[in-house]
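Please work through the exercises below with the sequence and the 3D structure at hand, and try each task before reading its solution.

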Amino acid sequence: DVLRKLQSQIHVISIASAINEIVQNSIDAQATNIEILLDLNTLSFQVRDNGIGISPADMILICKQHYTSKIRSSKDLADIKTYGFHGMALSSIDSISKLTIISKVKDYNGSRIKMHAGPTKFYSEQNIVKDIIDNPVHPFEKESSGTILIVRNLMYNLPVRSNMAKTEPQYRVFNALREYVLRLSIHNPTVCISVKYLQQSNNLESLFKYEGLKTYKEDNTFNVYLNVLRSIYESIVPYNTLKGVSLKYKQYSVQGVISKSPVRVKHLQFMNINRRTYNNPTLLKTINSLFRECKFEPQENTVKYVGRPYKFYPMFLIDIQGPKNMNDLIQ
Ligand code: ADP
Ligand code: MG
């Protein structure tokens with residue numbers, strides 16, 4: 001158990017990364033609608049999806065370290081199409097929170113609950129989950145399937161980290177969440193993902209809602225990116241200056257958007273390689289200095305000199321896909 005707690009730090013570094021893991025599971029479970037509710041005061045959250053659900057047999061094994069339903073043989077390992085395959089996320093989160101899982105598969109009439117503790121104040125006040133806990137048999141409609149994951153008091157047994165997480169400014173958690181969802185949504189543009197958070201006043205406020213596209217063509221990624229960015233970042237992104245990038249070379253493809261006009265915030269720089277985040281500081285630094293050498297003329301509405309001049313950063317979202325073994329380069 002101590003080992004599990006220690007290992008959790010590798011897999012769950014923050015509340016945003018925990019949510020990212022859970023949402024990836026929902027996408028792996030073919031969900032088309034994912035709703036996230038967040039309470040930063042208690043480091044609690046809930047993710048509800050309409051995916052295939054967890055079978056009663058799997059429910060018993062879930063949260064065991066290395067339990068995964070996604071890899072059945074070592075052959076599968078070479079051709080992973082899902083985000084998950086380690087079976088570490090849920091076991092890590094379970095070891096440092098009070099986790100409740102409610103799930104229903106289609107051909108099984110009831111739902112199954114795995115529960116760590118009773119409902120907390122936050123959720124019962126909001127009546128979000130109370131109904132479900134009170135009526136565990138019918139949280140989902142008859143012919144439907146899906147999963148609700150409730151994580152309460154993340155890091156409750158890691159007081160130092162929990163204090164650090166609780167004092168983290170709200171906007172930083174929100175930005176981290178935006179980035180995680182952005183990275184997921186550009187590859188899963190038909191999946192609707194919404195985030196609401198609990199305000200001091202106990203009202204639920206929408207952070208953003210990405211309405212999944214009904215249809216999309218693989219070759220129109222520019223529109224996909226624009227759509228995702230607009231929903232998640234609203235007015236932060238200089239949309240009118242965005243240009244699409246689309247290159248193909250042998251078995252490599254590069255898709256993305258890039259802004260002609262630099263922005264003040266550095267966190268609008270995203271790179272993915274084969275769907276996984278690629279944050280190489282050296283490469284990012286090089287790109288930024290190249291941009292500066294080009295002496296960009298910032299657009300009027302992005303420049304406001306207050307005291308010292310601002311540093312400007314190019315905004316870009318670059319997605320590289322190539323052969324599977326390209327991932328080895330990232331390690
Ligand atoms: P991994 O994703 O690497 O398999 P996780 O610890 O994230 O490991 O999840 C463990 C298992 O729990 C998954 O393999 C899957 O079978 C099941 N699971 C988790 N979340 C969901 C979900 N939202 N819907 C269906 N199954 C899920
Ligand atoms: Mg997973």
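The exercises that follow concern a predicted model, and each solution goes step by step.

**Exercise 1.** Determine in which sense β8 and β9 pair, and describe how they are connected.

Solution. Begin with the two strands, where β8 covers residues 242-249 and β9 covers residues 252-259. Eight bridges link β8 and β9, and the pairing is antiparallel. Finally, follow the chain between the strands: two residues separate β8 from β9 in a hairpin, and K250, in the turn, has a positive phi of about 45°.

**Exercise 2.** Work out how α9 and α10 are oriented relative to each other, and which residues make their contact.

Solution. First take the geometry: α9 (residues 170-185) packs against α10 (residues 221-233) at an angle of about 160°, and their axes lie 10 Å apart. Angles over 145 degrees count as roughly antiparallel, and α9 and α10 are therefore roughly antiparallel to each other. The crossing of these two helices, α9 and α10, is right-handed. Then list the contact, in which R178, V181, L182 and S185 of α9 meet V228, I232 and Y233 of α10. Sorted by class, the contact of α9 with α10 has five nonpolar residues, one polar and one charged.

**Exercise 3.** Describe the shell around ligand 1 by its nearest residues, its helices and its residue classes.

Solution. Start with the nearest residues: of the 25 around ligand 1, N25, A29, T68, S69 and G84 come nearest. Turning to the helices, α2 (15-28) and α5 (89-95) each supply at least two residues of this shell, and α2 gives the largest share, four residues. By class, the shell around ligand 1 has nine nonpolar, 11 polar and five charged residues.

Methods: Residues are numbered from 1 along each chain as its sequence is written. Chains are lettered from A and ligands numbered from 1 in the order in which they are written. This is a predicted model: local features need pLDDT of at least 70, side-chain atom pairs count only at pLDDT 80 or more; totals for chains, interfaces and linings use all residues. Two strands pair if DSSP finds at least two bridges between them. Axes are lines fitted to C-alpha atoms, for helices over the stretch in contact, and angles run from 0 to 180 degrees between N-to-C directions. Angles under 35 degrees count as roughly parallel, over 145 as roughly antiparallel, 65 to 115 as roughly perpendicular and the rest as oblique. A crossing is left-handed if the near helix is turned anticlockwise from the far one by less than a right angle, and right-handed if clockwise. Two residues are in contact if their C-beta atoms, placed from the backbone, lie within 7 Å. Ala, Val, Leu, Ile, Met, Phe, Trp, Tyr, Cys and Pro count as nonpolar, Asp, Glu, Lys and Arg as charged, and the others, Gly among them, as polar. A residue is near a molecule or strand if its C-beta atom, placed from the backbone, lies within 6 Å of it.
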